[in-house]
Amino acid sequence: MDATALEQSGPAGSAASITLEHIGKTYPDGTVAVGDFGLEVRAGELTVLIGPSGCGKSTILRMINRLIEPTKGRILIDGENILERNAVELRRHIGYVIQNVGLFPHQNIRTNIGTVPRMLGWDKKRINERADELLELVGLDPARYAKRYPHELSGGQRQRVGVARALAADPRVLLMDEPFSAVDPIARGRLQEEFLKLQATVRKTIVLVTHDIDEAVRLGDRIAVLAEGGRLLQYAPPAELLSRPDSTAVGDFVGADRGIRRLAVTPLRPALKPLDRGAPVDGRPSVAADGTLYDALAAMLAANATEVVAVEDGQPVGSLSRAAVFDVPQQEAEAKV
Ligand SMILES: Nc1ncnc2c1ncn2[C@@H]1O[C@H](COP(=O)(O)OP(=O)(O)OP(=O)(O)O)[C@@H](O)[C@H]1O
Ligand SMILES: [Mg+2]
């Protein structure tokens, strides 16, 4: 197939949309891993697939790069039917981060990162430069790490190399299967934080699989909740999913503490009350005006206060009471997402 939308590296940050149309996978033994699944992943967004073990998440992900061939349906990337392409060739243009990273143990880090560029025939100098650039991007000093072997890195560092490797040829689509699951919760939080910053720079179209609802809420622009057989229960931005699960099954899945989670994804600004002109703000804790209701509540609890002042560019711009934190109408919270 000729050069297509998927291969054009385009300007930095360009991304592709992904459309899954009634895709399904039935294994030869009759197991219906995915019955009939559809999803629209917008360009430059991070979509999370979440659901119980065995519900078909990895199967869906692997159908997108054709490590698994669907038994029905169509998959379009920027409108192009990828099932009509050469599968091996296709995979060179789709970054893939697998669980437990899957680095090649006998290759050093730089060589691991260069895997796809090598297949694409880049020259050695360009590959090495790209590998070092990516190591910096994921927060690993090339001078220290490029020549190490995977077993000489910590689990979290290996995960970052996995992400760097998937980004090496600047793919427009990135598939990630439980990319941060192999590290402890603290390291995971840090990796997620770094990954969000990275995504703000590279703006790839990402489909990420996880078991962890907190990770989904933290990273996802949209979350698809799945049930057995790849049945799509709900597809919505995090705040909407938490504030308005549209079935008991989704409600149970997102958990009883979803109220708190919702605060963490709801901006505080719409809930602010104007400050009385000249009113003293001293003594009250402050919070950044572009923070969330969760930040506001945390500041109040830390200072044992019932009110917080929101600050922007060093100026107080409004106040928020503890009661108001829990009072934000749902529609308003959703409208902001
Ligand atoms: N080669 C195969 N033959 C038959 N059934 C299979 C095969 N591979 C996977 N399955 C089944 O397909 C279903 C979906 O598997 P999949 O790996 O997509 O689940 P998952 O949602 O990623 O689960 P987990 O969260 O545990 O990783 C499971 O019931 C699994 O047993
Ligand atoms: Mg899986």
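Predicted model: local features only at pLDDT ≥ 70, side-chain atom pairs only at ≥ 80, totals over all residues.
Visitor: What does the secondary structure of the protein chain come to?

Guide: The protein chain has 15 helices and 13 strands, where helices (H or I, at least four residues) and strands (E, at least two) are DSSP runs numbered from the N terminus.

Visitor: Why is M176 called buried?

Guide: A residue is buried if 20 or more other C-beta atoms, placed from the backbone, lie within 10 Å of its own, exposed if 12 or fewer, and partly exposed in between. M176 has 26 other C-beta atoms within 10 Å, and is therefore buried. This residue lies in strand β7 (residues 173-177), and in the protein chain as a whole buried residues make up 38% of the 337 residues.

Visitor: Which residues are in contact with M176, leaving aside its neighbours within four places in sequence?

Guide: Contact is assigned when the C-beta atoms of two residues, placed from the backbone, lie within 7 Å, and with those sequence neighbours left aside M176 is in contact with V97, I206, L208 and V209. The C-alpha atoms of M176 and V209 are 6.2 Å apart in space, although the two residues are 33 residues apart in sequence. Among contacts in the protein chain between residues at least 6 apart in sequence, 67% join residues at least 24 apart.

Visitor: What makes L272 count as partly exposed?

Guide: L272 has 18 C-beta neighbours inside 10 Å, and so counts as partly exposed. Its place is in the loop between α12 (258-264) and β11, and, apart from neighbours within four places in sequence, L272 is in contact with A310, V317, G318, S319 and L320. Between L272 and V317, 45 residues apart along the chain, the C-alpha separation is 8.2 Å.

Visitor: What is said of phi in D170 and E178?

Guide: D170 has a positive phi of about 55 degrees although it is not a glycine, and this residue lies in the loop between α7 and β7. E178, also a residue other than glycine, has a positive phi near 45 degrees, and is placed in the loop between β7 and α8 (185-202). D170 is partly exposed because it has 18 C-beta neighbours inside 10 Å, and E178 is partly exposed because it has 19 other C-beta atoms within 10 Å.

Visitor: How do you know that β1 and β2 pair?

Guide: Two strands pair if DSSP finds at least two bridges between them. Strand β1 (residues 18-26) and strand β2 (residues 32-41) have 6 bridges, in the antiparallel sense, and T26 stands opposite V32 in β2. The two strands form a hairpin with 5 residues between them, and G30 in the turn has a positive phi of about 95 degrees.

Visitor: Why is one side of β11 and of β13 left without a neighbour in the sheet?

Guide: The open sheet consists of 3 strands in the order β11-β12-β13, with mixed pairing. β11 (286-288) and β13 (315-321) stand at the edges, each with a single partner strand, so one side of each has no neighbour in the sheet. β11 and strand β12 (residues 307-312) pair in the parallel sense over 3 bridges, and the bridge partner of A288 in β12 is V311.

Visitor: What makes a nonpolar core, and which residues have the most contacts inside the largest one?

Guide: A nonpolar core is a set of buried Ala, Val, Leu, Ile, Met, Phe, Trp, Tyr and Cys residues joined through C-beta atoms within 7 Å. The largest has 68 residues, and those with the most contacts inside it are V48, L49, A164, L175 and V207. Helix α7 (residues 155-167) gives the most to this core, with 5 residues. A second, separate core of 13 residues includes V287, M300, V309 and A310.

Notes: Residues numbered from 1 in each chain as written. Chains lettered and ligands numbered in written order.
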